[in-house]
Structures are given as structure tokens and as C-alpha cells.
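Hi everyone, thanks for making time this morning. I'd like to walk you through one structure, so please have the viewer open.

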Amino acid sequence: MARTEVRKVAATVASAVAVTAWLVVTASAVAADHSVDIVDFAYDPTRLRIRVGDTVTWTNHDQAPHDASGDGWQTGTLTDGLSGSVTFEAAGTYRYICTFHPAMEGRVIVEARGNGGGGGSGGGGGGAPTAT
């Protein structure tokens with residue numbers, strides 16, 4: 001192979017590596033959606049681990065009304081087939097209940113984006129969850 005061709009191949013490989021690295025970093029920074037089903041008077045799953053910026057959607061599959069209600073946030077009343085979503089903007093552990101049936105409990109553990117995570121305990125400091 002001539003030197004010019006070797007340089008072209010090396011440049012192409014370097015570009016492909018750079019694009020792949022960018023895609024990996026970008027994919028890890030994108031917020032994700034998560035689901036919690038409400039079935040037989042229980043949340044499924046009862047514990048969910050997510051990252052800052054992710055959204056959780058609760059969907060009621062019971063005939064009785066339910067909700068997910070935490071410190072400063074709530075999905076609103078969910079009748080059979082309805083969903084409510086909350087986006088979590090700060091790391092922490094968010095405990096919630098159904099205000100109609102307080103024995104129903106769950107928690108969302110929100111970890112910081114990037115390497116390792118970092119959860120906390122309590123309610124996340126400055127970025128309160130937002131219902132959508």
C-alpha cells in the first residue's frame with residue numbers, strides 16, 4: 001500500500017473511532033423512560049433505580065383508582081388504564097405511596113448521571129420531581 005493510501009485508511013479509522021466514542025457518551029447522557037404497573041393493589045416494580053433526568057410512568061391496571069404520591073410530587077388520580085408520569089431532576093431516594101391505599105408503597109432511587117452514580121437519601125435537594 002502506498003503511504004497516501006495508508007494515511008487515508010488511518011484517517012478513516014480515526015474518524016470511525018471518534019464517532020463511536022461520541023455515540024457511546026451521548027447514549028449514556030440521554031434521559032430514559034421507565035414504567036411501573038399498578039396491578040392487584042401493588043406497584044410493579046416496587047423499587048426502581050434510574051438516573052437524573054429520567055421519567056417514570058405509572059399505569060393503573062386495577063379497577064380501583066390509584067396514584068403515586070411522594071414528597072412534593074404526585075401522578076394525579078389514575079383510574080383503570082390511565083397513566084401519570086414524573087421526571088426526576090435530582091439524585092436521591094424518593095419514597096411514594098398510593099394516597100387511596102397507603103399500604104401500597106414504592107421507591108425510586110435516582111442516581112447521578114456519569115460514572116458510578118451517587119444516590120442520596122431523602123428527596124433530592126434542589127431539583128424537585130415534576131409531574132407531566
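Let me start with a term: a salt bridge here is a side-chain nitrogen of Lys or Arg within 4 Å of a carboxyl oxygen of Asp or Glu. Please keep in mind that this is a predicted model. By that rule, the count comes to three salt bridges.

Take glutamate 111 and arginine 49: their closest N and O atoms are 2.7 Å apart, and they form a salt bridge. Glutamate 111 sits in strand 9 and arginine 49 in strand 3, so this pair ties together parts that are 62 residues apart in sequence. Buried or exposed, what is glutamate 111? Glutamate 111 is buried, as its relative accessible area is 14%, while arginine 49, at 43%, counts as partly exposed.

Glutamate 111 also meets arginine 51 in a salt bridge, at 3.5 Å from N to O. Arginine 51 is partly exposed, at 29%.

Next come arginine 113 and aspartate 54, whose side chains meet at 2.4 Å, N to O. Arginine 113 is in the loop between strand 9 and strand 10, and aspartate 54 in the loop between strand 3 and strand 4, so parts 59 residues apart in sequence are tied together. Aspartate 54 counts as buried at 3%, and arginine 113 as partly exposed at 28%. Shared partners join Arg49, Arg51 and Glu111 into one network.

Five strands form an open sheet in the order 3-9-8-5-6, with mixed pairing. Strands 3 and 6 are the edges, each pairing on one side only. Strand 6 runs antiparallel to strand 5, and two bridges join them; serine 69 stands opposite glutamine 74 there.

And the aromatics? A search of the whole structure finds six aromatic pairs. In one of them, the ring centres of tryptophan 58 and tyrosine 96 are 5.2 Å apart with planes at 80°, so the pair is edge-to-face. Tryptophan 58 belongs to strand 4 and tyrosine 96 to strand 8, so the pair ties together parts 38 residues apart in sequence. Tryptophan 58 is buried at 0%, and tyrosine 96 is buried at 2%.

Tryptophan 73 and phenylalanine 88 are also edge-to-face, with centres 5.5 Å apart and planes at 80°. Finally, one aromatic cluster is formed by Tyr43, Trp58, Trp73, Phe88, Tyr94 and Tyr96. Thanks, everyone!

Methods:
Residues numbered from 1 in each chain as written. Predicted model: local features only at pLDDT ≥ 70, side-chain atom pairs only at ≥ 80, totals over all residues. Heavy atoms only, no water. Pairing = 2+ DSSP bridges. Helix = DSSP H or I, 4+ residues; strand = E, 2+ residues; numbered from the N terminus. Phe/Tyr/Trp six-rings, centres within 6.5 Å; stacked < 30°, edge-to-face > 60°. Buried < 20%, exposed > 50% of the residue type's maximum accessible area, 1.4 Å probe, protein only.
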